[in-house]
Amino acid sequence: MKTYLVTGGAGFIGSNYIHYMFKKYKDIKIVNLDKLTYAGNPENLKEFENNENYVFIKEDICNAEAVNKIFQEYDIDRVVHFAAESHVDRSIKNPEIFVQTNVIGTTVLLNAARNAWEQEDGTYKEGKKFLHVSTDEVYGSLEEDGTFFYETTPYSPHSPYSASKASSDMLVKAYIDTYKFPANITNCSNNYGPYQFPEKLIPLIINNALNGKKIPVYGDGLNIRDWLYVEDHAKGIDMVQEKGRLGETYNIGGHNERRNIEIVKTILKLLYDVLPETDPRREHINENLIEYVEDRKGHDRRYAIAPDKIRKEVGWEPETDFETGIRKTIKWYLKNLDWMENITSGEYQNYYKEMYHL
Ligand code: NAD
Ligand code: DAU
């Protein structure tokens with residue numbers, strides 16, 4: 001039985017990954033190390049509370065003593081490192097915590113894994129692997145000229161968030177080169193799906209539309225993101241860890257570029273269609289909710305991943321097309337209004353007021 005150390009497993013992608021892994025494998029143990037920041041929510045993993053193969057540890061990845069102890073207590077075979085401060089807008093307002101968690105935290109984790117896995121002759125215990133989950137934002141911004149981000153594209157991060165992720169990627173690469181550390185990096189495009197915190201575009205649109213609130217669209221709304229259903233990302237991470245060449249980086253994306261304004265209009269239409277005719281919320285779900293607001297500082301224009309390497313070497317393909325994925329996502333949020341209510345009733349209100357003045 002393999003033991004996984006998943007960091008940030010109570011967040012959006014981490015929790016979807018844990019659901020995916022327990023569905024796929026019956027014989028794994030998962031230790032979830034999460035600080036439970038505003039973005040971490042144990043509710044996301046409620047169904048595993050009594051699962052004897054699931055362990056939750058509330059801890060900060062920057063706490064070296066605690067992280068080393070976890071490696072002493074458990075014979076960890078796989079690390080899958082999601083824990084991060086992940087929201088660009090928050091990084092623009094408060095960069096320091098991004099450096100702390102994303103850069104220092106990653107280094108603490110790399111050191112702890114190396115301490116536990118490296119043998120006297122400099123080789124590593126059989127079969128141990130570390131996967132660092134990263135983002136396409138490290139590559140910067142593309143023109144609308146049909147070019148893509150490849151694994152060989154030079155790093156050019158613009159926001160404090162992407163700069164901190166780029167730094168963490170560089171540290172992983174340094175450990176691979178210097179210590180022959182057994183790691184992979186994945187750089188994925190924008191994810192969407194269940195359990196995403198409503199500071200991010202898609203759940204924010206759904207939540208605001210259902211509550212008849214304005215939907216803030218930054219700048220001209222024409223920025224392009226490359227959207228991937230979160231379960232396809234989870235599958236890609238697992239496939240890279242099991243089938244990828246150690247030391248390599250793999251981009252993950254499904255060639256699904258959309259302008260922000262298109263995303264907003266699509267969701268408004270689908271929400272309207274999906275609600276019963278008698279539902280009073282239907283009345284206010286229309287394009288009058290759209291409110292163009294001041295642009296994000298340093299707003300990247302376009303992201304687009306070339307997934308050729310992961311397809312060719314690992315055999316990964318996305319399974320969920322956007323129309324199916326976005327319908328599933330909307331249905332999930334409609335079924336889980338309590339989940340949304342719980343996370344938007346507290347600190348989120350202050351964040352929202354300060355951020356949008358709407
Ligand atoms: P998220 O903000 O939803 O979750 C982050 C999780 O990390 C939370 O559970 C939080 O409590 C935990 N965490 C934060 N700081 C911590 C610390 N110091 N110690 C321990 N735990 C801590 O983020 P997400 O959207 O799920 O992203 C997960 C990872 O995937 C990140 O590394 C992000 O850079 C990367 N990524 C995200 C996307 C995307 O579209 N969301 C795309 C590509 C890559
Ligand atoms: O590309 C991968 C990245 O995708 C991840 O690394 C990040 O962790 C994740 O947050 C996401 O970053 P983005 O900045 O692209 O996602 P966000 O949902 O914040 O914004 C998507 C686009 O929508 C972006 O162009 C900004 C715009 N936007 C966002 C919000 C929250 C709006 O127009 N209005 C909004 O209210």
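Visitor: Let's start with Tyr195: buried or exposed?

Guide: Tyr195 is buried, because 23 other C-beta atoms lie within 10 Å. Buried takes 20 or more other C-beta atoms within 10 Å of a residue's own, exposed 12 or fewer, and partly exposed is in between, with C-beta atoms placed from the backbone. Bear in mind that this is a predicted model: local features need pLDDT of at least 70, side-chain atom pairs count only at pLDDT 80 or more, and totals for chains, interfaces and linings use all residues. Residues are numbered from 1 along each chain as its sequence is written, while chains are lettered from A and ligands numbered from 1 in the order in which they are written.

Visitor: Where is Tyr195 found? And what is its phi?

Guide: Tyr195 sits in the loop between β7 and α6. Its phi is positive, about 70 degrees, although Tyr195 is not a glycine. Most residues other than glycine have a negative phi. The element names come from DSSP runs numbered from the N terminus: helices are H or I of at least four residues, strands E of at least two.

Visitor: What about Lys180, and which loop does it lie in?

Guide: Lys180 is in the loop between α5 and β6, and its phi is positive too, near 55 degrees. Lys180 is partly exposed, because 14 other C-beta atoms lie within 10 Å.

Visitor: Since α5 came up, how far apart are its end C-alpha atoms?

Guide: They are 28 Å apart. That agrees with the span of 28 Å that the 20 residues of α5 (160-179) should have at 1.5 Å a residue, taking 1.5 Å times one less than the number of residues.

Visitor: Which elements do the buried residues of α5 pack against?

Guide: They pack against α3 (88-93), α4, β5 and β6 (183-188). Contact requires C-beta atoms, placed from the backbone, within 7 Å. The buried residues of α5 include Tyr161, Lys165, Asp169, Val172 and Ile176.

Visitor: Now the sheets. What is the strand order in the sheet of seven?

Guide: The order is β3-β2-β1-β4-β5-β6-β10, an open sheet with parallel pairing. Two strands pair if DSSP finds at least two bridges between them. β3 (54-58) and β10 (249-252) are the edge strands, each pairing on one side only. From one strand to the next, the twist averages 20 degrees. α1 packs on this sheet and touches β1, β2 (28-34) and β4, with its direction at about 170 degrees to that of β2. Axes are lines fitted to C-alpha atoms, for helices over the stretch in contact, and angles run from 0 to 180 degrees between N-to-C directions.

Visitor: How many bridges link β1 and β4?

Guide: Four, with β1 (2-7) and β4 (78-81) running parallel. Leu5 stands opposite Val79 in β4.

Visitor: Switching to ligands, which residues are closest to ligand 1?

Guide: Gly8, Gly11, Ala39, Gly40 and Ala84 are the closest of the 31 residues surrounding it. Here a residue counts if its C-beta atom, placed from the backbone, lies within 6 Å. α1 (12-24), α4 (96-117), β5 (129-135) and β7 (190-192) each give two or more residues to that shell.

Visitor: And which come nearest to ligand 2?

Guide: Ser86, Thr135, Lys200, Leu201 and Tyr218 come nearest, out of 19 residues around ligand 2. α6 (201-210) and β8 (215-218) are the elements giving two or more residues, and β8 has the largest share, three residues.

Methods
Contact = placed C-beta atoms within 7 Å.
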